[in-house]
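The following exercises concern a predicted model. Please work through each task before reading its solution.

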Amino acid sequence: MRTRTGGTAVRYTLLVALAVTVLLPFVSIMLAALHLPGAQISGLSIPSEWSWRNFSLAWEQGNFSNLMRSSVIIAFCVVPLAVVLATLAAYGLAILKVWGNRALSVGFVLGLTIPVELVVVALYFNLREVGLTNSYLGIILAEAALFMPFGVYWMQSHFSSVPEELVEAARIDGARDLAVLVKVLVPISWPAITTLSVLYFMWSWNQFLLVLVMMQDPDRRTAPAGLGLFVGQYSTDIPLLAAASLIVIAPIVLVYLLFQRSFVNGITQGAIKG
Amino acid sequence: MAEVPATSTSSSRAGSARDGGSASSRTRRPGLGGRARRARGWLYVLPAVAVYAVFAIWPALSTLRLSFLTWDGVLPATSAGMDNYTRIFRDPALYEAILNSLVLIVFFSFIPVLIGLLMTALLIGRVRTGMTFFRVVFFLPQVLPLVAVGITWRWLYSDRGVLNQLLELVGLDGITRAWLGDYHLALIALGLIGTWCMSGLCMMLFLSGAQKIDTALYEAATLDGAGAVQQFRHVTLPGVRKEITIAGVITTIAALASFDLVFVTTNGGPAGQTNVPALLVYRLAFNEGNIGSASALAVVLTVIVIAIVSAIRFFAREGK
């Protein structure tokens, strides 16, 4: 106990130093964004005159009304679609134990290591043939597919941990397959489903390469894709770029802080069971 | 999980259900409930398999096929044999990109694992005030879109950015520069952004592993007179072995397949010093119309990812 006070001081000093390193970039773009539009900034500097105008300027010039709408449309379609499909598949694999369930499960797990780059090249040309490039539908289905291995795997490992008696009891009561899933399994799986939804939302919101390749129409790009190209146009206007970045960051940070626990559970447990 | 077919009496209905399915269950005699259910289960699995097969597996295989062709995306493709692959090893721009991505593993994977361990060491133990705050903050970079992260760091690293300001503050005016434009240091500067992003993820994995360690082990170590450092070495570290492997795998994939960050910060520059495979795949396929080479590079990248991930898993198992 005597040496602990010294140790605690060192511990907190290191923790604060690390936290400052993590937060410094945020503070610096916050300050940059609050300068007058077009201001020349060097380093961390307190604005001589505080101004929110960069946000409205960035919103207009970056076409963010359209970008945000696309991001929301895509995320709000991908999340339910991918979560429902993954849950149904996991139910078939883990509870109904369809023929070939072992091989299928292994197939999905292997899919976890395939980089997007391998898929995206041919995907573009395949979808171009059937007119699904430059469309929300193409991106939504492609994202759902890319996220599928993790979702199936996540829900499957969750369903396998449900006591078998629970399912058996429902069956004896005469519940059909779908009823077992909807009335028994889903209600007790909300934490796992929430985690999966939050992760899917994050991945969909942050997806860049896929959208960059699949969507040429500047009005229907997602916020990160639009931001990626916005940089090229306004590379020297630091306050404007900082404001634009904060606009794109804000929704995901908000979701993170609200669902902080789900985020952490999903990323750690999902990875560890693998 | 072993396959345990549910038991009940066999019937003709189950037989007809099987006819529609595979013949592989010939030897088994599961009853009506089990067998029919296993057939019906396909209704549940099929939508996911269909979407996955059409939008991931098929394109992946198509990319493999394209890697043996010469194609500009418009005119008919011609066979290229192995040319696209041999080009990767002859063209310095291409193989240097692969080498660069291997360097990035140090910054995206190796250093974050070390920092993650440090963070874990600082955060575990009895609940202290503010620990949740630190955990939430350390993990934050991991949830951000990398495009926004890249823009932020471009500014931090710039000529008049925060890094140079800090260096001047401590009297190191001599070494200030535009870091991402420096021929020798750009790749390292880029890598350190990855370190900033990935350390929190590693920490979160280690923390969840450390929570499962039996607290009796710590008490025993304390009784044996082990200090905080020794406790960490002999109790915590062995306890998070599995998580270290997982962190290594995830961050290595992120390093090798990194695209977003490079695209917005350096776009491969200066003079190709920060080219990475993903960037060249994109450029070759969608800017230069050289789809064969792009595909071959994507295939090589995938092979490298799988090889390194397998190697990490193998050594993790050997080391036990």
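**Exercise 1.** How many salt bridges are counted between chain A and chain B? Identify the residues involved.

*Solution.* Step 1: apply the criterion, a side-chain nitrogen of Lys or Arg within 4 Å of a carboxyl oxygen of Asp or Glu. Step 2: the count between chain A and chain B is 1. Step 3: the partners are A:Asp177 and B:Arg40, whose closest N and O atoms lie 2.9 Å apart.

**Exercise 2.** Describe the interface of chain A and chain B by its area, its residues and its polar contacts.

*Solution.* Step 1: the two chains bury about 8700 Å² between them, and 74% of this area is on carbon and sulfur atoms. Step 2: chain A brings 92 residues to the contact and chain B brings 100. Step 3: 16 residue pairs across the interface are in polar contact, with both residues at pLDDT 80 or more. Step 4: on the side of chain A that touches chain B, helix H1 (residues 4-33) gives the most, with 18 residues. Step 5: sorted by class, that side of chain A has 64 nonpolar, 20 polar and 8 charged residues.

**Exercise 3.** Which residues of helix H3 of chain B are buried, and which exposed residues does the face turned away from them carry?

*Solution.* Step 1: within H3 (residues 83-90) of chain B, the buried residues are B:Asn84, B:Tyr85 and B:Ile88. Step 2: these residues cover an arc of only 105° around the axis, and therefore lie on the same side of H3(B). Step 3: the face of H3(B) turned away from the buried side carries B:Asp83 and B:Arg90, which are exposed. Step 4: as a general principle, an α-helix has 3.6 residues a turn, so residues three or four places apart point the same way.

Conventions
Residues numbered from 1 in each chain as written. Chains lettered and ligands numbered in written order. Predicted model: local features only at pLDDT ≥ 70, side-chain atom pairs only at ≥ 80, totals over all residues. Heavy atoms only, no water. Buried < 20%, exposed > 50% of the residue type's maximum accessible area, 1.4 Å probe, protein only. Helix = DSSP H or I, 4+ residues; strand = E, 2+ residues; numbered from the N terminus. Arc of directions from axis to C-beta. Contact = heavy atoms within 4.5 Å. Buried area = accessible area lost by both parts, 1.4 Å probe. Polar contact = N/O pair within 3.5 Å; in protein donor to acceptor, adjacent residues only side chain to side chain. Nonpolar A, V, L, I, M, F, W, Y, C, P; charged D, E, K, R; others polar.
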